[in-house]
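Please look over the sequence and the structure shown below before reading on. The report is meant to be read beside them.

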Amino acid sequence: MNPRNFTLSPFALAAFLLASSTAQAQTASVPATTEPQVLQSITVSASADASAAGLPVAYPGGQVARGGRLGLLGNTDVMDTPFNSTNYTQALIQDQQSHSVADVLQNDPSVRVARGFGNYQELYMIRGFAVSSDDIAYNGLFGLLPRQFVAAELLERVEVFRGANTFLNGAAPGGGGVGGSINLLPKRAGNAPLTQITAGTESGGQTYLATDIGRRFGTDNAMGIRINAVRRDGDTAVDREQRSLSVLSVALDYRTSNVRLSADAGFQEHKLTAPRPA
């Protein structure tokens, strides 16, 4: 037999390769269908108070929070920052029946409470350096608080920062802040309705009455109001010393996905009659 020679044109070769690849694709085994994966549930907890992200949650017991405001860095967890700070909550203020910022800071081993020069201004010594009441921030801002004394009933939290902090908070108006800083958070209406009335007597026959009311209204509870009223009057445990306190505050806030507004208005009158020098 005479051998025969076959010649394929380039177009025929391309068609042959395409048909071969198509046949292999059709005969390839189809992988078995896998079961759909179930993702783990994620629980998100947040507060309506103070900021868009909510207040940092508290440790078990509720008296100290896991984080606080660090100036321009905002709310930061204590485990995520190289700075030293402690954040006391309203639960501690109520449990200890604190009268003022000084009573709250007595819990801090790095803070000592003293008096001003020739007056009854509360003075706080942080790491041995003086921080006057004029150098206390209110929600991160200076110059908004009453001088000498701030009633504890006005506060949601008391945040203590230890160490130099001008690079975070700015320069304190009184020239303090070398050893640390103090930031006070105002109360805001929470997600749940709140109605609290407290009455009592103290040593010397002093009487006390306070009310704390919080509500949210409107679509998605966008509008909130928080009202605090306090009256304290009568003799103290010191003979012939009298003390009176009147407080009224209103906090309004409005929140949507794009807008957050808040306003605070307050009145405080604190009187000491025949007090003893420090």
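## Basis of the model

This is a predicted model, in which local features need pLDDT of at least 70 and side-chain atom pairs count only at pLDDT 80 or more, while totals for chains, interfaces and linings use all residues. Residues are numbered from 1 along each chain as its sequence is written, and side-chain values use heavy atoms, with hydrogens and water left out.

## Overall composition

The protein has four helices and 14 strands (DSSP runs numbered from the N terminus, helices being H or I of at least four residues and strands E of at least two). Of its 278 residues, 36% count as buried, where buried means under 20% relative accessible area, exposed over 50% and partly exposed in between, with a 1.4 Å probe and protein chains only.

The accessible surface comes to about 16,900 Å², and 57% of that belongs to carbon and sulfur atoms (Shrake-Rupley method with a 1.4 Å probe; for residues, only the protein chains shown count as cover). Among contacts between residues at least 6 apart in sequence, 55% join residues at least 24 apart, a contact being heavy atoms within 4.5 Å.

## A three-stranded sheet

Strands S4, S5 and S6 form an open sheet in the order S4-S5-S6, with antiparallel pairing (two strands pair if DSSP finds at least two bridges between them). Strand S4 (111-115) and strand S6 (129-132) stand at the edges with a single partner strand each, so one side of each has no neighbour in the sheet. Five bridges join S4 to the antiparallel strand S5 (residues 122-126), and alanine 114 stands opposite leucine 123 in S5.

## The nonpolar patch and strand S13

Strand S11 (207-217), strand S12 (223-235), strand S13 (242-255) and strand S14 (260-273) each give two or more residues to the patch, and S13 gives the most, with four.

Leucine 252 lies in strand S13 and is partly exposed, with a relative accessible area of 33%. Serine 244 also lies in strand S13, but at 13% relative accessibility serine 244 counts as buried. Leaving out residues up to four places away in sequence, serine 244 touches Arg231, Arg232, Asp233, Glu269, His270 and Lys271.

Phenylalanine 167 is placed in helix H4 (residues 166-169). Apart from neighbours within four places in sequence, phenylalanine 167 is in contact with Leu72 and Phe83; the C-alpha atoms of phenylalanine 167 and leucine 72 are separated by 8.7 Å, although these residues are 95 apart along the chain.

## Salt bridges

Side chains of opposite charge can pair when their charged atoms come close. With a salt bridge taken as a side-chain nitrogen of Lys or Arg within 4 Å of a carboxyl oxygen of Asp or Glu, the count comes to twelve. One of them joins aspartate 253 and arginine 216 (2.7 Å, N to O), linking strand S13 to strand S11 across 37 residues. Aspartate 253 is buried at 5% relative accessibility, and arginine 216 is buried at 11%.

Arginine 66 and aspartate 77 meet in another salt bridge (3.3 Å, N to O), and both are partly exposed, arginine 66 at 29% and aspartate 77 at 23%. Arginine 240 pairs with aspartate 239, the closest N and O atoms being 3.2 Å apart, and both of these residues are exposed. Glu156, Lys187, Asp212 and Arg226 are linked in a network of salt bridges.
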